[in-house]
Amino acid sequence: MSRRWYRHNTNMVFVGWDRALGQFLLTVAELCTRCGGFGEEPTTDNFCFACGGEGVRHDSNSLSSLGTTANLDDVAAELAKLNIAFPDYVRADLEEDKRTNVGELVHYYVQDPTQTSST
Ligand SMILES: [Zn+2]
């Protein structure tokens with residue numbers, strides 16, 4: 001399956017194409033409040049204590065109840081409901097994943113060029 005993720009404000013959005021299911025997956029997690037999603041202790045290079053280096057709050061469930069869907073419009077609608085951006089290039093990549101029925105793929109969108117930082 002493909003795993004693509006990007007940050008939006010205090011959330012981490014995971015989307016991907018599951019080849020076995022033939023469906024898209026969506027998970028929206030809250031960023032770790034200790035490291036701000038970077039996965040490292042603020043003062044050292046060690047793994048963040050609170051999240052184990054994953055950058056995501058351990059006690060947070062997915063904010064999305066969508067789960068899996070065969071339709072990208074459902075993903076778009078769900079993200080819109082949560083006030084989270086669904087950049088066109090992410091959507092385009094997901095359509096490509098479906099078209100090619102992609103296997104293992106991991107991609108992290110470092111920064112959304114359409115968003116200006118508010119910090
Ligand atoms: Zn952390």
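Which residue in β3 does Met12 stand opposite? Ala29. Hold on to that pair; we will come back to the strands around it.

First, a word on what we are looking at. This is a predicted model. The protein has two helices and five strands. Read from the N terminus, the order of elements is β-β-β-β-α-α-β. Along its principal axes, the C-alpha trace spans about 45 × 30 × 25 Å. Of the 119 residues, 24% are buried. Now take the contacts between residues at least 6 apart in sequence: 49% of them join residues at least 24 apart.

Now the sheet. Five strands make up an open sheet, and their order across it is β4-β3-β2-β1-β5. The pairing is mixed. At the edges are β4, residues 67-69, and β5, and each of these pairs on one side only. From one strand to the next, the twist averages 20°.

Let's walk through the pairs, starting with β1 and β2. They run antiparallel, joined by five bridges. The hairpin of β1 and β2 has two residues between the strands. In that hairpin, look at Asn9: its phi is positive, near 50°.

Next, β2 and β3. These also run antiparallel, with eight bridges between them. Here is our opening pair again, Met12 opposite Ala29. Further along, Gly16 has Leu25 of β3 as its bridge partner. The hairpin of β2 and β3 has four residues between the strands. Gly22 in this hairpin has a positive phi, near 70°.

Is β2 largely enclosed or largely open? Six of its eight residues are buried, so β2 is largely enclosed by the rest of the structure.

On to the helices. α1 lies across β2, β3 and β4. Its direction is at about 15° to β3. α2 packs on the sheet as well, where it touches β1, β2, β3 and β5. The angle between α2 and β2 is about 25°.

Next, the inside. How many residues does the largest nonpolar core have? It has 21. The residues with the most contacts inside it are Val15, Phe24, Leu26, Cys32, Val56 and Val75. Four elements each supply at least two residues of this core: β2 (11-18), β3 (23-30), α1 (72-81) and α2 (88-100). The largest share, five residues, comes from β3.

Take Phe24 from that list. Which residues does Phe24 contact, leaving aside its neighbours within four places in sequence? They are Val15, Trp17, Thr68, Thr69, Leu72, Val75 and Leu94. Find Phe24 on the screen and trace those contacts one by one.

Now two loop residues. Most residues other than glycine have a negative phi. Asn83 has a positive one, near 60°. Asn83 sits in the loop between α1 and α2. Is Asn83 buried or exposed? Exposed, because it has 9 other C-beta atoms within 10 Å, and the cut-off for exposed is 12 or fewer.

Asn101 lies in the loop between α2 and β5, residues 105-109. With 10 other C-beta atoms within 10 Å, Asn101 is exposed.

Glu95 belongs to α2. Its count is 13 other C-beta atoms within 10 Å, so Glu95 is partly exposed. How far apart are Glu95 and Arg3? In sequence, 92 residues; in space, 13 Å from C-alpha to C-alpha.

To recap. We have an open sheet of five strands with mixed pairing. α1 lies across β2, β3 and β4, and α2 packs on the sheet. The largest nonpolar core has 21 residues, with its largest share coming from β3. That's the tour.

Technical notes:
Residues numbered from 1 in each chain as written. Predicted model: local features only at pLDDT ≥ 70, side-chain atom pairs only at ≥ 80, totals over all residues. Core = buried A, V, L, I, M, F, W, Y, C linked by C-beta atoms within 7 Å. Buried ≥ 20, exposed ≤ 12 C-beta atoms within 10 Å, placed from the backbone. Contact = placed C-beta atoms within 7 Å. Pairing = 2+ DSSP bridges. Axes fitted to C-alpha atoms, helices over the stretch in contact; angles between N-to-C directions.
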